[in-house]
Amino acid sequence: MNISCSGRLQLTSFFRLLSTNFKLSARQLLAESNGGIVHEKILTNTSNSLIIDNNLYNTHLQYADISRKPVRKEAKEERIQPPPPNPDPSGNERTLPRLMNFPEIMWPSMFNSMRNWVLVYGIIRPYFDKEFYLKEFIRGAKKAMQVVSVKLMNSDFSGLNNLVTEEALAELKPVIQKLSVSQRRQLEVQESDVYLTFPYQVGVMFDESSGRKIQKRWVEITMVFHILRGLHEIRESGEEIPWNMGTMPEYQDKVFVCNYRFIKEFTSGQESDWTINVVNHFKPLDLINEMKRV
């Protein structure tokens, strides 16, 4: 869609106004409460805006852990580096190691949901793609997540070339290769086992480098999927699923959460397909056990 010079100035002003109004940090309660102890994570950004930044390379968000006690240097280094595989559920490490160095996201944020609506209906659809519908994207993202999870389980890295970015594959490959057979099996996700799906965050990025005739632009969408292994069979048997299954021992080992971040270039004449640049599978039970040890 061609935009006049005055239109671009108005659009840029709108972006800056949007980023100024939304500059405050968005609190995300990652939260499992145990014995009155609540673990919180706070979402922050190093740039002046939360999502939209004219400098493409400053648009990525950073997450910081907030706790009552000072964070030891050793504990900080442990969070940065993916823990080694440990097949023993009673061990001190995760039963399913972190696949990528990306913070675990479990629940939606009201702040993000409002901003997502503004970005989709105020920017993406009017200026990038009039045929973009979030519901259709979510359905496609769920199918893509299932395909990628199966290929990861089978260590089929060549089959991921057009689905996952090269940078993400370079980070995923050494971790997947170190997993045990039982851990790899935990990566597989059936679409029928997904019981909750939502877009956590929609991001719009621009690159206005000097000398460019065409403004480069991208859209990133972070998706969250909640999975209960065997959900399809449970439903077919007529068994009622308790609302608090996450706290019940018989269900805890079957509950997984997947974070997938999708990216697409919307530059005029250079549009790409949706690809995945973040893949994370984790067990909420592992996070609960980590909180107990803090």
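Predicted model: local features only at pLDDT ≥ 70, side-chain atom pairs only at ≥ 80, totals over all residues.

Colleague: Which residue forms a salt bridge with arginine 94?

Modeller: The partner sits in the loop between helix H2 (73–80) and helix H3 (110–128), as arginine 94 does, and the two are 10 residues apart. The closest N and O atoms of the pair are 2.7 Å apart, and the partner is glutamate 104.

Colleague: How many salt bridges does a search of the whole structure find?

Modeller: Let me give two more examples before the total. Glutamate 191 pairs with lysine 143, with the closest N and O atoms 3.6 Å apart. Glutamate 265 and lysine 216 also meet, at 2.8 Å from N to O. Over the whole structure, the search finds eight.

Colleague: How far apart in sequence are the parts tied together by glutamate 191 and lysine 143?

Modeller: Glutamate 191 is partly exposed, with a relative accessible area of 27%, and lysine 143 is partly exposed at 48%. Glutamate 191 lies in the loop between helix H6 (181–185) and S6, while lysine 143 is in helix H4, so the pair ties together parts that are 48 residues apart in sequence.

Colleague: Arginine 217 is buried yet has no salt bridge, so which side chain of opposite charge is nearest?

Modeller: Arginine 217 belongs to strand S7 (residues 216–228), and its side chain reaches the backbone oxygen of tyrosine 127 at 3.5 Å. A salt bridge needs the nitrogen and the carboxyl oxygen within 4 Å. The nearest side chain of opposite charge is 6.1 Å away, and that residue is glutamate 271.

Colleague: Which backbone nitrogen does the side chain of asparagine 259 reach?

Modeller: Asparagine 259 is in strand S8, and at 0% relative accessibility it counts as buried. The residues it touches include Pro103, Glu104 and Met223. Its side chain comes to 2.8 Å from the backbone nitrogen of isoleucine 105.

Colleague: What separates the C-alpha atoms of alanine 141 and phenylalanine 262?

Modeller: Alanine 141 lies in helix H4 (residues 134–153) and is buried, with a relative accessible area of 2%. Among the residues that alanine 141 touches are Met223 and Phe262. Along the chain, alanine 141 and phenylalanine 262 are 121 residues apart, but their C-alpha atoms are separated by 8.2 Å.

Colleague: Which strands do the buried residues of H9 pack against?

Modeller: Helix H9 spans residues 284–293, and its buried residues are Pro284, Asp286, Leu287, Ile288 and Met291. They pack against strand S8 (255–265) and strand S9 (275–282).

Colleague: What is the phi of serine 155?

Modeller: Serine 155 is in the loop between H4 and helix H5 (166–178). Most residues other than glycine have a negative phi. Serine 155 is not a glycine, yet its phi is positive, at about 55°.

Colleague: To finish on the surface, how much accessible area do Trp107, Tyr195 and Leu196 have together?

Modeller: One of them, leucine 196, lies in strand S6 (residues 194–207) and is partly exposed, with a relative accessible area of 31%. Trp107, Tyr195 and Leu196 form a nonpolar patch, and their accessible area together is about 230 Å².

Technical notes:
Residues numbered from 1 in each chain as written. Heavy atoms only, no water. Patch = residues over 30% accessible without salt bridge, like charges linked within 9 Å, V, L, I, M, F, W, Y side chains within 5 Å. Areas by Shrake-Rupley, 256 points an atom, 1.4 Å probe, with all protein chains shown as cover. Helix = DSSP H or I, 4+ residues; strand = E, 2+ residues; numbered from the N terminus. Buried < 20%, exposed > 50% of the residue type's maximum accessible area, 1.4 Å probe, protein only. Lys, Arg positive; Asp, Glu negative; His and termini not counted. Polar contact = N/O pair within 3.5 Å; in protein donor to acceptor, adjacent residues only side chain to side chain. Contact = heavy atoms within 4.5 Å. Lists of a residue's contacts leave out its neighbours within four places in sequence.
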